[in-house]
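Thank you all for coming. I would like to walk you through the open spaces in this structure and then turn to the ligand, so please keep the display in view while I talk.

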Amino acid sequence: MIDKPLALKGPSRPMVRFSGVSKSYGDLKVLDSLSLDIDEGEMVTIIGPSGSGKTTVLRMLMTLETIDDGVIYVDGSPLTHMAKGALLVPADRHHLRRERTKIGMCFQHFNLFPHMTALQNCTEGPIHALGLSKQDACERAEELLSMVGMIDKRDEFPARLSGGQKQRVAIARALAMRPKVMLFDEVTSALDPEVTGEVTEVIRALVSEHNLTMLMVTHQMGFARDISDRICFFHNGRIEEQGSPQELFGSPRSGRTQQFLAAVNEAF
Ligand code: ADP
Ligand code: MG
């Protein structure tokens with residue numbers, strides 16, 4: 001049991017708060033007392049070497065992992081925990097099922113339902129998890145498929161879509177649940193270079209036209225620099241350094257950040 005605030009109050013409360021979150025796999029400490037606040041409408045990008053814990057951060061926000069220590073809050077309420085009297089106790093399944101609808105995620109691999117059309121992929125969650133009528137779910141899905149430029153392919157199955165097209169449907173599918181927070185984990189890494197632009201353009205439009213809170217992991221430094229409000233450089237499960245894109249890319253303070261950025265620049 002944890003003696004922590006049951007809810008975050010006040011006008012400046014963050015949309016997402018990691019408060020002293022740790023996670024180990026056996027002897028390996030993947031996240032080491034991570035504290036990170038993300039404001040409503042903020043776009044935060046995590047960069048860092050492979051194995052530094054970037055995906056783990058997103059998986060914990062998606063409640064795909066349990067945490068060993070600390071608390072994660074979303075929109076002012078605890079996600080990983082629930083109130084029992086004046087204390088927080090680990091969340092039960094019911095709490096997780098309800099709270100996780102606040103979070104949408106797109107992965108490197110699209111994970112579309114292969115036996116459903118693009119449209120059905122986008123209506124499945126809203127009908128079954130949110131209880132929308134079929135008609136309302138279809139209207140919402142069509143609007144989102146239009147936004148990602150995929151309305152012409154609404155009746156195609158994933159096998160007949162290109163990687164970039166699948167990823168755009170995956171983004172529409174996640175948005176159809178009307179999440180408060182969207183997570184993107186290397187969504188262009190499995191794509192051919194010539195189609196990464198069609199996916200990054202969709203994310204760019206989301207940033208400029210919607211007040212969604214977003215947390216993104218990417219290796220595309222130029223893209224991260226263009227669209228992020230803040231960049232966090234991860235190293236060994238900790239935030240080694242964070243700042244505006246100008247600060248972090250323009251004048252990194254930490255030797256580790258400098259080394260990482262130099263190696264990335266060399267590779268591209
Ligand atoms: P990144 O996304 O930064 O490349 P990850 O968050 O995927 O890193 O992984 C961080 C570390 O945790 C890696 O060393 C990885 O091997 C380890 N790890 C991740 N998931 C598991 C798991 N389910 N079991 C054991 N080790 C894991
Ligand atoms: Mg990863």
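Predicted model: local features only at pLDDT ≥ 70, side-chain atom pairs only at ≥ 80, totals over all residues.

**Pockets, a cavity and a ligand**

Let me begin with the second largest pocket, which has a volume of about 270 Å³. It is lined by 15 residues, and those nearest its centre are Thr66, Ile67, Thr80, Pro90 and Ala91. By class, that lining divides into 7 nonpolar, 5 polar and 3 charged residues.

Residues are numbered from 1 along each chain as its sequence is written, chains are lettered from A and ligands numbered from 1 in the order in which they are written, and side-chain values use heavy atoms, with hydrogens and water left out.

As for terms, on a 1 Å grid over the protein atoms alone, a cavity is a set of points where a 1.4 Å probe fits but cannot get out, whereas a pocket is an open set with protein on both sides within 12 Å along at least five of seven lines, and lining residues have an atom within 4 Å of a point. Volumes are the space filled by probe spheres set on the points, which are joined across faces, edges and corners. Ala, Val, Leu, Ile, Met, Phe, Trp, Tyr, Cys and Pro count as nonpolar, Asp, Glu, Lys and Arg as charged, and the others, Gly among them, as polar.

The largest pocket holds about 650 Å³ of space. Of its 24 lining residues, Met62, Arg100, Ile103, Met105 and Met177 are the closest to its centre, and the lining as a whole has 13 nonpolar, 7 polar and 4 charged residues. Where does the largest pocket lie? It lies between domain 1 (4-102 + 179-267) and domain 2 (114-178), because both give residues to its lining; the domain bounds come from an automatic or database assignment.

There is also 1 cavity of 30 Å³ or more, with residues including Phe184, Glu186 and Met216 in its lining.

Turning to ligand 1, the residues around it (a heavy atom within 4 Å) include Tyr25, Pro49 and Thr56, and this shell divides into 4 nonpolar, 6 polar and 1 charged. Among the polar contacts, meaning N or O pairs within 3.5 Å, a backbone N or O atom of Gly51 lies 2.7 Å from a ligand 1 oxygen, and a side-chain N or O atom of Lys54 is 2.8 Å from an oxygen of ligand 1. The protein covers 60% of the 560 Å² of accessible area that ligand 1 has on its own, as computed by the Shrake-Rupley method with a 1.4 Å probe.

Methods: Polar contact = N/O pair within 3.5 Å; in protein donor to acceptor, adjacent residues only side chain to side chain.
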